[in-house]
Amino acid sequence: MTHALIVIDVQNDFCPGGALAVPGGDEVVAPINAMMDRFDAVILTQDWHPAGHSSFASSHEGGEPFGMIDMPYGPQVLWPDHCVKGTEGAAFHPRLRTDGDLIIRKGFNPAIDSYSAFFENDHETPTGLEGYLRTRGIDRLTMAGLATDFCVHYSAVDAARLGFEVTVRLDACRAIDLDGSLGAAVDAMKAAGVKLEG
Ligand code: VGL
Ligand code: ZN
C-alpha cells in the first residue's frame with residue numbers, strides 16, 4: 001500500500017491569535033512535523049479564500065460570525081474573515097514543516113465554501129486531489145490538522161466514500177466545536193468507516 005499523510009489547514013488564522021483561532025490549534029504542529037517522515041507522500045492543504053468570500057459573515061447584510069445561512073448548495077456557517085489568499089493569516093504556521101510533495105488550496109471559488117480537500121461544499125465540484133492521489137498509486141491516507149469538526153471531518157468522510165483507507169489522528173487535530181459539531185463529526189467519520197486514532 002502507498003500511504004500518504006494529509007495535513008489539513010495548519011495556517012496562522014486557525015492558530016491562537018488568528019482570525020478564526022481553533023483552541024490549541026498550534027499544538028498540532030509538533031506531532032505533525034514528527035510523523036511526516038514515516039509516509040510515502042506528504043500533502044498539505046491550505047484554506048485559500050478571496051476577500052469578500054461568501055462564507056464570511058461580513059459579506060452578508062446583517063450576517064453574524066458563527067450564524068447560519070442557506071446557500072444554493074445547502075446550509076452554510078458564516079465565519080469571521082479568515083485565510084484571505086496571500087495574507088499572513090493564510091500562511092502556514094511558521095514552525096510547520098512544508099517540505100511535503102504537494103500543497104493543495106481550496107475555497108478560492110467566491111460563491112462556494114470548501115471544507116473538504118476533495119470536493120467543494122456542493123459535494124460535487126472536485127479539487128483535483130483525488131486524481132493526484134490515484135495517479136500516484138496512493139490508496140491509504142492518514143489525516144491530521146485543523147479543524148477536526150470541519151475540514152478534517154469533511155476530508156476524511158469524502159476520502160472514505162471515494163474508497164481510500166482513512167485514519168484520522170485525533171491527537172494531532174484540534175476542533176472548533178460549534179453546537180456539538182465535534183461529537184457529530186466523530187459520529188459521521190465512524191459511520192463512514194474512518195479509523196480514529198490518538
Ligand atoms: C475551516 C471553517 C472555515 C477548517 C475552514 O479548516 O476547518 N473551518 N474554513
Ligand atoms: Zn475557510
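In this predicted model, the shell around ligand 1 consists of seven nonpolar and two charged residues, with no polar ones. The residues that surround ligand 1 are Asp-9, Phe-14, Asp-47, Trp-79, Tyr-115, Leu-146, Ala-147, Phe-150 and Cys-151.

Two neighbours of ligand 1, Leu-146 and Ala-147, are joined by a cis peptide bond, with omega near -15 degrees. Ala-147 belongs to the loop that connects strand E6 (140–146) with helix H3. Another backbone feature is found at Phe-66, a residue other than glycine whose phi is positive, near 75 degrees. Phe-66 sits in the loop between strand E2 (41–47) and strand E3 (68–71). Most residues other than glycine have a negative phi, and most peptide bonds are trans.

| Site | Feature | Value |
|---|---|---|
| Leu-146 to Ala-147 | cis peptide bond, omega | near -15 degrees |
| Phe-66 | positive phi | near 75 degrees |

Helix H3 covers residues 148–161 and packs with helix H4, which covers residues 181–191. The axes of H3 and H4 are 9 Å apart and form an angle of about 10 degrees. Angles under 35 degrees count as roughly parallel, and H3 and H4 are therefore roughly parallel to each other. On the H3 side, the contact is made by Thr-148, Asp-149, His-153, Ala-156 and Val-157. These meet Ser-181, Leu-182, Ala-185, Ala-188 and Met-189 in H4. Sorted by class, the contact of H3 with H4 has six nonpolar residues, three polar residues and one charged residue.

The protein chain as a whole has four helices and eight strands. Starting at the N terminus, its elements follow the order β-α-β-β-β-β-α-β-α-β-α-β. Its radius of gyration is 15 Å, close to the 16 Å that the globule rule gives for 198 residues, so the chain is as compact as a globular protein of that length. The C-alpha trace spans about 50 × 35 × 30 Å along its principal axes.

An unreviewed UniProt entry annotates residues 4–194 as "domain: Isochorismatase-like". Within the model, residues 4–194 are 20% helix and 22% strand.

How values were computed: Residues numbered from 1 in each chain as written. Chains lettered and ligands numbered in written order. Predicted model: local features only at pLDDT ≥ 70, side-chain atom pairs only at ≥ 80, totals over all residues. Near = placed C-beta within 6 Å. Nonpolar A, V, L, I, M, F, W, Y, C, P; charged D, E, K, R; others polar. UniProt positions renumbered as here; feature names shortened; annotations may be inferred. Helix = DSSP H or I, 4+ residues; strand = E, 2+ residues; numbered from the N terminus. Axes fitted to C-alpha atoms, helices over the stretch in contact; angles between N-to-C directions. Parallel < 35°, antiparallel > 145°, perpendicular 65-115°, else oblique. Contact = placed C-beta atoms within 7 Å. Rg over C-alpha atoms; globule rule 2.2 N^0.38 Å.
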